[in-house]
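Dear colleague,

I am handing over the structure below, and I would be glad if you could look through it alongside these notes.

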Amino acid sequence: MGLVRQYLKGRKYAFTFSADRRSVSVKGAFEENVEKPSRMVVRVGNTQHYLRTRAGTSGVTKFDGVFRIGFGVKILRFVAISRDGQKTEETVAFVLLSNSKSAITKQSSFVRKPIILPTRMQPKPDLKFPQVAAPEVSIIIPVFNQLNYTIKCLESIWKQTDLSRCEVIIGDDNSEEANTNVLRGIEGLKVFINTTEAGFINNCNQAAAQAKGKFLFFLNNDTEVTDDWLEPLLEVFQKKPDAGVVGSKLVFPDGSLQEAGGILWKDGSAWNYGRDSNPIDPAFNYFREADYCSGAAMLIPRALFEALNGFDTHYCPAYCEDADLAFRVRQAGKKVYYQPLSEVVHYEGVSNGRDVAGTGLKQYQVRNQQLFLERWKDELTKNHFENGQHVLRASERSGGRRVILILDHYIPEWDRDAGSRTMFEYIKLCLEEGAVVKFFADDHNVQREPYAGILQQMGVELVGFPLDGWLAKHGADLDAVWISRPTVATAHIDDIKAFTNCRVLFYGHDLHFKRLEMEMEPSMKAEAAKYRELETSVWKDVDVIYYPAKEECELVSELEPTKIVRPFPIYMFEENPQEPARPSRAETSGILFVAGFAHRPNRDALIWFLEEIYPHARAQVPEIHLRVCGSFMPMDLKDRLSEDDSIEFFENLSNEDLHEQYLHARVAAAPLRVGAGVKGKVLDAMFKRCPLVTTTVGAQGLAGIEDIAAVFDDPKQQAAALVKFYTDPNAWEQYVAQSRQFILDRFSREHARSLVRSDFLDYTNANHP
């Protein structure tokens with residue numbers, strides 16, 4: 001069986017889950033008017049997958065997640081967990097997955113759909129709108145005849161919108177009486193009719209004057225809203241206090257892209273960015289600033305619209321009023337944002353045509369472009385580009401900011417492996433420091449969810465493939481390229497050197513050849529030699545080299561003495577004043593083992609722990625139990641864990657849930673036998689004040705750690721150390737008192753920030769146009 005989709009509904013929740021090959025995706029929401037559980041969990045055997053929860057703007061709590069399972073018949077138990085940890089409801093589903101087809105990771109090809117124009121001149125009998133006393137949003141639809149399009153627009157709103165928070169207003173600019181009578185007959189629809197034709201701008205302003213909503217959403221009548229169109233727009237105002245206008249992605253009815261925000265050039269001309277392109281191209285699907293967004297689908301706070309006196313009648317009867325409003329919004333200290341998660345179908349030109357040389361309203365577009373240029377010439381000259389130049393920067397208003405391209409093997413899955421977490425934190429730091437970030441995934445998968453979508457909503461463009469084509473178009477606008485991992489570097493360094501003239505930074509994660517030399521299998525020696533040649537060749541082609549451990553940096557400097565080599569803080573920590581007190585020792589239990597099992601040393605560590613360390617600890621303290629938290633665990637290891645009732649396995653925990661595991665564990669184990677560099681799991685355990693037992697490999701790069709944590713390579717000594725932390729209150733309390741400060745002294749967020757500023761942002765040779 002290939003793709004499986006199923007809709008399930010319980011008393012407290014409703015959700016859809018889909019499964020394809022070995023991945024399961026869940027998306028749903030808790031029902032309204034019920035006590036909200038604290039989390040949703042999916043249980044497959046003795047493995048638990050925690051779903052991400054978030055509050056929607058209407059008060060509904062949503063949940064979603066993606067996780068991997070094995071082939072065959074699987075029983076999935078969807079469980080709502082209350083705040084006190086009790087199960088409140090469970091739904092069971094059965095799934096059969098087979099290895100029938102490889103997952104498709106490449107961007108889908110784009111095929112235009114046939115256009116079906118709306119023809120009905122009467123609404124569906126059940127079309128009606130509720131009366132909302134204090135609406136959050138007023139949807140304003142300016143209308144002049146074209147009843148068939150207006151009905152289609154209204155029906156899309158009725159179908160795709162939470163109407164309990166909206167009022168719908170028709171501003172009818174003296175349409176034919178028969179059309180007006182149909183609209184007046186729709187229950188709950190507010191229809192305001194101009195007795196004489198006022199023109200588009202005056203019609204919009206007069207309808208807005210009747211609105212009660214906190215926000216105004218201007219929507220052309222020749223549009224259709226799509227699923228979940230409104231909430232992403234409103235969420236922008238929650239996360240961005242500087243938001244003044246937010247616009248939707250506009251698509252043509254044939255499925256092609258009409259506009260992903262607008263660009264205004266120095267000469268006053270404009271682009272509908274991305275017009276006629278593939279709407280799922282990642283270039284058009286990340287949240288960002290825009291010069292303007294079309295008034296065909298645009299959200300603005302009513303107070304701001306009124307403070308600016310609405311659309312400027314200087315441009316009557318129509319055209320350029322939305323661009324002018326965007327400039328006045330910025331003049332008022334706010335910004336204009338493009339939100340691709342809100343998609344609206346726009347037929348375009350239905351009321352006014354498309355011929356600027358004709359006799360209709362469209363003729364005013366040329367006149368008003370000149371009026372717009374005269375009004376905003378100084379601003380356009382100072383802050384905008386020549387027509388068609390520096391499109392990358394123009395499309396997101398990044399003229400004076402640093403633009404950084406980051407390359408890694410795949411989109412960071414920050415809650416699944418330490419390397420991803422490092423990359424994600426540095427992406428966030430770059431954004432905090434005002435940089436523009438582009439990310440290229442070497443596996444070509446720009447749809448790895450939920451991670452891709454989260455990055456895109458942070459404002460990160462996921463660069464499509466092939467990379468050389470993108471670099472040929474935009475390489476001149478880059479200020480820095482940061483490459484992660486030697487295999488990624490060797491695949492793309494030639495193209496980077498050919499198409500850019502900027503600083504190239506390289507982060508190796510660890511010295512692969514040194515780690516492989518430590519492997520006990522003879523076959524690893526040849527692989528170590530291969531990696532030594534690969535890594536040393538990369539160093540010659542980059543400007544700055546980073547490794548986590550001081551010892552690694554010293555070795556690289558010996559081998560490549562002319563290069564800048566710096567220790568790289570792989571994690572960044574800071575105190576949280578709102579953090580609750582750590583649970584007492586009496587409130588903790590169990591041994592915690594955290595790892596990403598796609599990494600071979602972690603698999604080796606768990607097997608060694610199960611065979612030679614855990615049995616010794618259990619023999620001394622029979623009530624000890626083990627909790628394994630991780631990702632990408634092979635099925636043979638899962639089966640092995642399931643055979644022991646004292647072991648629980650938790651897969652793909654969120655950062656919040658993993659934090660809870662650390663807080664409630666009595667002791668953490670990191671028994672690594674091979675590896676290189678500083679280990680994220682070691683830093684995490686110490687920062688979270690969970691007593692740690694590790695090896696000399698696990699302690700690499702952390703001078704002085706043995707004064708706080710237990711560092712032993714002998715399995716019996718490790719077991720004894722686990723037992724001591726487990727049973728000796730004094731040893732446990734002494735560790736808890738010291739471990740966090742040890743990490744803060746070495747891995748503060750400000751330390752990482754200073755590196756980003758000096759190496760990524762503040763150096764000379766910037767490619768600012």
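What follows is a short account of confidence and of the salt bridges.

Please keep in mind that this is a predicted model, in which the protein chain averages a pLDDT of 86 and 85% of the residues score at least 70. Over residues 1-6 the pLDDT is below 50, although this stretch has 21 contacts beyond near neighbours in sequence. The pLDDT also stays under 50 over residues 97-109, for which the model has 33 contacts beyond four places in sequence.

The count of salt bridges comes to 36. One of them joins the side chains of Asp-312 and Arg-375, at 2.6 Å from N to O; because Asp-312 lies in the loop between α5 and α6 while Arg-375 belongs to helix α7, the pair ties together parts that are 63 residues apart in sequence. Asp-312 counts as buried at 18% relative accessibility, whereas Arg-375, at 36%, counts as partly exposed.

Another salt bridge links Glu-432 and Arg-749 at 3.0 Å, N to O, and since the former lies in helix α9 and the latter in helix α22, parts 317 residues apart in sequence are tied together. Here Glu-432 is partly exposed at 44%, and Arg-749 is buried at 8%.

Arg-740 forms a salt bridge with Glu-579, their closest N and O atoms being 2.8 Å apart; Arg-740 sits in helix α21 and Glu-579 in the loop between β28 and β29, so this pair ties together parts that are 161 residues apart in sequence.

Finally, salt bridges that share partners join several residues into one network, among them Glu-432, Glu-574, Arg-749 and Arg-753.

Conventions. Residues numbered from 1 in each chain as written. Predicted model: local features only at pLDDT ≥ 70, side-chain atom pairs only at ≥ 80, totals over all residues. Heavy atoms only, no water. pLDDT = per-residue confidence, 0-100. Contact = heavy atoms within 4.5 Å. Salt bridge = Lys/Arg side-chain N within 4 Å of Asp/Glu carboxyl O. Helix = DSSP H or I, 4+ residues; strand = E, 2+ residues; numbered from the N terminus. Buried < 20%, exposed > 50% of the residue type's maximum accessible area, 1.4 Å probe, protein only.
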